[in-house]
Amino acid sequence: MSAWLPTAPCTPQGCVEAPAAVRARTVPRAVLRLTAVLLLLLAGIALTPLGGRIPASVVRRWCRWIVRAAGVRVRITGAAAPTGGLLLVANHISWLDIPLLAAVRPARMLAKTEVRHWPVAGAVAARGGTLFIDRDRLRALPDTVARIAGALREGAAVAAFPEGSTWCGRAQGTFRRAVFQAALDAGVPVQPVRIGYRLSGGRATTAPAYVGDDTLLASLWRVATARGLIAEVEVRDPLPPDAAPDRRTLARAAQPPATTAPAWTHTVLVA
């Protein structure tokens, strides 16, 4: 088992809320939403040659548009992320987390190599400077940490999901420590971000989760046909470079607090 390949017990069958029956009038709306997402992604591909010449405010707005086009309202709370070299870390639930984290501050994403092969989004990620990680090769870990630290020293922001796997949102994983070593080596702050999804009535939902053997197309359709989805992004106080003596302590400090949802057990654990 690779250090980059942790697993979660979450599965679509055991964790993701079954969508309500899709009405005939819902289908055209869902198709329009997915078409809008696709057009925004294609626009991103067309503009990637401009690189850093695109203002960060425009990139943040574009990322929010992608989420909004999918039919999800966005609520971002907390202070603005600092400038300069910065490691952004967040819990991981859905493919929506990627544009949501970039809406906090545009950054070079840390992603598994499989993302490179995603339709359309993979091309956007590659052209956007994503740092792809081969999680099956433990020997590549020191070089990966060095590459991240190098980007941070150059003043870039790097975004990562240290759980290493998506969770449904009702439960969460433990932040892996390796990526935090890069922040310590580069002497840059860590920006913790907490992401959650609710319905318009206030109830937490697992509908946007992209877990286990779920397919990207199935997750896209589930989000596009859902009603009243809200993405909540909490930007917590940044942790300065001297906030922790080692990566273990830094990872614990950045870990989001346990969910306040009612006690809940994974179906897979009691089956």
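Predicted model: local features only at pLDDT ≥ 70, side-chain atom pairs only at ≥ 80, totals over all residues.

Student: Ok. How many helices and strands does the chain have?

Tutor: Ten helices and seven strands. Those are DSSP runs numbered from the N terminus: helices are H or I with at least four residues, strands are E with at least two.

Student: And how much of the chain is buried?

Tutor: Of the 271 residues, 46% are buried. Buried means under 20% relative accessible area, exposed means over 50%, and partly exposed is in between (1.4 Å probe, protein chains only).

Student: What about the surface of the chain?

Tutor: The accessible surface is about 13,400 Å², and carbon and sulfur atoms account for 57% of that. Areas come from the Shrake-Rupley method with a 1.4 Å probe; for residues, only the protein chains shown count as cover.

Student: Let's pick a helix. Which residues of H6 are buried?

Tutor: Leu 141, Thr 144, Val 145, Ile 148, Ala 149, Ala 151 and Leu 152. They sit on the same side of H6, because they cover an arc of only 160° around the axis. The arc is that of the directions from the helix axis to the C-beta atoms.

Student: Why would residues a few places apart point the same way?

Tutor: An α-helix has 3.6 residues a turn, so residues three or four places apart point the same way.

Student: What covers that buried side of H6?

Tutor: The cover includes strands S2 (86-90), S3 (108-112), S4 (131-133) and S5 (157-160), plus helix H7.

Student: And which exposed residues are on the face turned away?

Tutor: Pro 142 and Arg 153. Just after H6 comes Gly 155, with a positive phi of about 95°.

Student: What does Ala 183 touch?

Tutor: Leu 87, Leu 152, Val 188 and Val 190, leaving out residues up to four places away in sequence. A contact means heavy atoms within 4.5 Å. Leu 152 is also one of the buried residues of H6.

Student: New topic. Where is Pro 192?

Tutor: Pro 192 is in strand S6, residues 190-199. Pro 192 is buried too, with a relative accessible area of 1%.

Student: How far is Pro 192 from Val 89?

Tutor: They are 103 residues apart in sequence, yet 5.1 Å apart in space, C-alpha to C-alpha. The two are in contact. Other contacts of Pro 192 include Glu 234, Pro 238 and Ala 254.

Student: What share of contacts in the chain join residues at least 24 apart?

Tutor: It is 80%, among contacts between residues at least 6 apart in sequence.

Student: Last one: why is H8 called largely enclosed?

Tutor: Seven of its ten residues, 216-225, are buried, so the rest of the structure largely encloses H8. Helix H2 (26-47) and strand S7 (229-235) are among what covers them.

How values were computed:
Residues numbered from 1 in each chain as written. Heavy atoms only, no water.
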